[in-house]
Each structure stands twice: as C-alpha cells, then as structure tokens.
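Let's take a walk through this one together, starting with the overall layout and then zooming in on a few spots. Keep the viewer open as you read.

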Amino acid sequence: VDRHDPGAGPEAGQLAALAGRDVIDPFNLLTIGGASLVSVASAPHSPYGPGFHGWARLSGVTLTQDMTGEFVGTFLIPSIDHQDPHYHRRPNSSLLHRTLHCLYQPFWTVSDTGHPMPNYSTLVGSLIDEAVNVAYVPYQRTGWGPSAERIASSWATAPLGNFVAEFFPDVARHININIVFIQRIVNRVAIEEGGGPGSP
C-alpha cells in the first residue's frame, strides 16, 4: 500500500485484522507468558499468588490489557482519524534524524495518506486504556495520582519499541525474526515498569 496515495489507506477490516494478528502473534504470547513467569517467580507473595495459578492469573490480565491496547490503538482510533498505525523506519537518514524520529513518532505521526498529524493512538489511546484497565485490572492502585503516573510512564517509554525497530535490523539483519520478539519484550517491560498490577 502506498501511504501517499490518497485512496490507499487501510480499511477498518484490515486494521482489525492487524490488531488481531498483533495479539495472537506467537512472540507476543511468548513475551506475555515469559514476563508473567519472571514477575511471579520474583514476587511470589504478590496479590496474584505463587505458582501456576499466579502465573495464569497474571498472564490472563496482561493478555486482556494487550487486547484492549490493540483494539484502541491499532483499530479504533486509526479507523476514526485515518491514522497510519505502523512505524516506518528511516534507514537512509542521518543518525540524528533517525533518533529524533524514534522519539517524536509516538506523539506526531502521519495519516494513512502520508500527511503529518498528532499520534492519537498514543495521546488519546493511553487515556482510554487506563480508563478501561482501572475497571477490571485487580490489585493496582487507583485514583487520579496513580493513573497519571501510569499514563506518564506509558508516554515516556513509548519510543523504546521504535528504537528497537529502527536500529536493531542494522545490527542483526540475518535474525530479523528476533526483532519482533525483542520489541515485544521491551514493550511489555515498559508496561510493567509503568506501575501496572501489583505495583506499590
């Protein structure tokens, strides 16, 4: 699809399919399971509990959060504002330009026709995600303060996945399959470091 062709933007069905693929991607599921395993093993007395049951409960909550994020950020908002949900690398640009692109893309991106626009998937999507998560994610701190901290952390860590996507192929082109895996790990760590379930 040519992003700069005014009629070439993805249809809502294509965005829904993309969101679904992101959720059921084996590397995504592996990352969720692995991160939950590490979390439960390192904090067996967390509200989720120890062992298999604790791992299953945390994995289920994390997967539901992931589904919410994909629905809002990859499908719902881009369907409404015709935003391009993809990150586009700049391999032929200068190092400075590529670094700046990684930093600002979560907040300023392009439409599906290539025109600059605010990245509502990050700016608005994180607010919607937080509102939904507060309704069903157990054991997390609630209130304006904790919610603001989680949203701020989400915005602060949003560029991390871009840096992996932008620069990792230059280092390891022959193991391209690991790019997705590493990006999923970075994103998942960013979510958990942002004051997720069980944080003090």
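Here is the tour, from the whole chain down to single side chains.

A bit of housekeeping: this is a predicted model, in which local features need pLDDT of at least 70 and side-chain atom pairs count only at pLDDT 80 or more, while totals for chains, interfaces and linings use all residues. Residues are numbered from 1 along each chain as its sequence is written, and side-chain values use heavy atoms, with hydrogens and water left out.

The protein chain has 9 helices and 2 strands, where helices (H or I, at least four residues) and strands (E, at least two) are DSSP runs numbered from the N terminus. Read in order, they go α-α-α-α-β-β-α-α-α-α-α. Of the 200 residues, 40% count as buried, meaning under 20% relative accessible area, with exposed over 50% and partly exposed in between (1.4 Å probe, protein chains only). If we look at contacts (heavy atoms within 4.5 Å) with a separation of 6 or more, residues 24 or more positions apart account for 67% of them. The chain exposes about 10,700 Å², and carbon and sulfur atoms supply 68% of that; the areas come from the Shrake-Rupley method with a 1.4 Å probe, and for residues only the protein chains shown count as cover.

Now find helix 2, residues 26–42. Its 17 residues reach 24 Å from first C-alpha to last, close to the 24 Å expected at 1.5 Å a residue; that expected span is 1.5 Å times one less than the number of residues. At its start, a side-chain oxygen of D25 comes to within 2.8 Å of the backbone nitrogen of F27. Buried residues in helix 2 include N28, I32, G33 and V40.

V40 is worth a stop. Leaving aside neighbours within four places in sequence, V40 touches G49, P50, G51, G54, W55 and L58. V40 also belongs to the largest nonpolar core, together with Y48, L58, V61 and V137. Such a core is a set of buried Ala, Val, Leu, Ile, Met, Phe, Trp, Tyr and Cys residues joined through side-chain atoms within 4.5 Å.

Last, the rings. There are 3 aromatic pairs: rings of Phe, Tyr and Trp (its six-membered ring) pair if their centres lie within 6.5 Å, and planes under 30 degrees apart count as stacked, over 60 as edge-to-face and the rest as tilted. F71 and F75 have ring centres 5.5 Å apart and planes at 45°, so this pair is tilted. They sit 4 residues apart in helix 3 (residues 51–81), so about one helical turn separates them. The rings of F163 and F167 have centres 6.1 Å apart and planes at 20°, so that pair is stacked.

Terms used. Polar contact = N/O pair within 3.5 Å; in protein donor to acceptor, adjacent residues only side chain to side chain.
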